[in-house]
Amino acid sequence: MSYTLATLLGVLAALAVDLAVLRTRLVTRRVWWVAYAIVAFFQLVTNGVLTGRRIVVYNPEAILGLRIVYAPAEDLLFGFAMVLLTLSTWVWLGRRGIQNEPRAGRRADRPGERTVP
Amino acid sequence: MRFSYLAVLAFCFLGTLWLELFLKVNVYRRWRRLLLALAPTALVFLAWDLAAIGAGHWAFDPRQLVGIALPGGIPVEEFLFFLVIPACAVLAFEAVRAVRGWPAGDEP
């Protein structure tokens, strides 16, 4: 199996986890897409270093050959699947009441006070 | 050169640390939930990595690695990658929540 096909299956599997298995439905939420856009931007920067400096090298037979900032386009799908699986699990755990507190943007000692104006 | 890959990971870790320290996203503070969230991703993607290295999809420049390998030939940097990058993603996600207040589905 090529890396191309593997990443497509990876994205489908991550979507299945988010929508059907854990039912966190993150891909229907604005918070996911904004967070993912930020992560994807920094992925282009750091993965560009990993691939541009040839720290990681790809077999041309395993990829389509379309490259974005030195990296195979497939890497974006790989990253999407990895981040979605992680965040779906993270939200699922919170939904089950596992360390839902202290919430983001709140001081642990003063939970009524926001750190963001 | 040996520290090239490790330096990229350090950049990601240090570059997001301010979200924990100053924005107070409280992700590392909730370390048990973080570890539980990272575990399935790390297992699945390390298995993928192992299979991809075995199938010859990608390889690493040994001159840019510290030289410690896990069973199966996975460089230690690659193992760290599957912990550091997902943790950075959780930090970014919680930072967006903290700033914008948008719901994510786990609100009490």
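**Exercise 1. Contacts and cores**

Leaving aside its neighbours within four places in sequence, state which residues B:Ala92 is in contact with, and locate B:Ala92 in the nonpolar cores.

Solution. Step 1: apart from neighbours up to four places away in sequence, B:Ala92 is in contact with A:Ala35, A:Ile38 and A:Val39; contact requires C-beta atoms, placed from the backbone, within 7 Å. The model is predicted, so local features need pLDDT of at least 70 and side-chain atom pairs count only at pLDDT 80 or more, while totals for chains, interfaces and linings use all residues. Residues are numbered from 1 along each chain as its sequence is written, and chains are lettered from A and ligands numbered from 1 in the order in which they are written.

Step 1: a nonpolar core is a set of buried Ala, Val, Leu, Ile, Met, Phe, Trp, Tyr and Cys residues joined through C-beta atoms within 7 Å. A residue is buried if 20 or more other C-beta atoms lie within 10 Å of its own, exposed if 12 or fewer, and partly exposed in between, with C-beta atoms placed from the backbone. The largest core has 52 residues, of which A:Leu87, B:Ala89, B:Val90, B:Leu91 and B:Ala92 touch the most other members.

Step 2: at least two residues of this core come from each of α1, α2 and α3 of chain A and α1 (4–21), α2 (31–55) and α3 of chain B. Helices (H or I, at least four residues) and strands (E, at least two) are DSSP runs, numbered from the N terminus. A second, separate core of five residues includes A:Tyr3, A:Ala6, A:Ile63 and B:Ala52.

**Exercise 2. The interface**

Determine how many residues of chain A are in contact with chain B, and describe the strand pairing between the chains.

Solution. Step 1: the contact involves 44 residues of chain A and 44 residues of chain B. On the chain A side, α2 (30–52), β1 (56–58) and α3 (74–95) each give two or more residues, and α3(A) supplies the largest share, 11 residues.

Step 1: this side of chain A comprises 25 nonpolar, 10 polar and nine charged residues. Ala, Val, Leu, Ile, Met, Phe, Trp, Tyr, Cys and Pro count as nonpolar, Asp, Glu, Lys and Arg as charged, and the others, Gly among them, as polar.

Step 2: β1(A) pairs with β1 (residues 58–60) of chain B in the antiparallel sense over three bridges; pairing requires at least two DSSP bridges between the strands. The bridge partner of A:Tyr58 in β1(B) is B:Trp58.

**Exercise 3. Helix α3 of chain B**

Explain why α3(B) is described as largely enclosed by the rest of the structure.

Step 1: because 18 of the 25 residues are buried, α3(B) is largely enclosed. Just after α3(B), B:Gly101 has a positive phi of about 75°.

**Exercise 4. Backbone features of chain A**

Where is A:Arg23 found, and is A:Arg23 buried or exposed?

Solution. Step 1: A:Arg23 is found in the loop between α1 (3–21) and α2 of chain A, and its phi is near 55°, a positive value in a residue other than glycine.

Step 1: A:Arg23 has 12 C-beta neighbours inside 10 Å and therefore counts as exposed.

Definitions and conventions. Contact = placed C-beta atoms within 7 Å.
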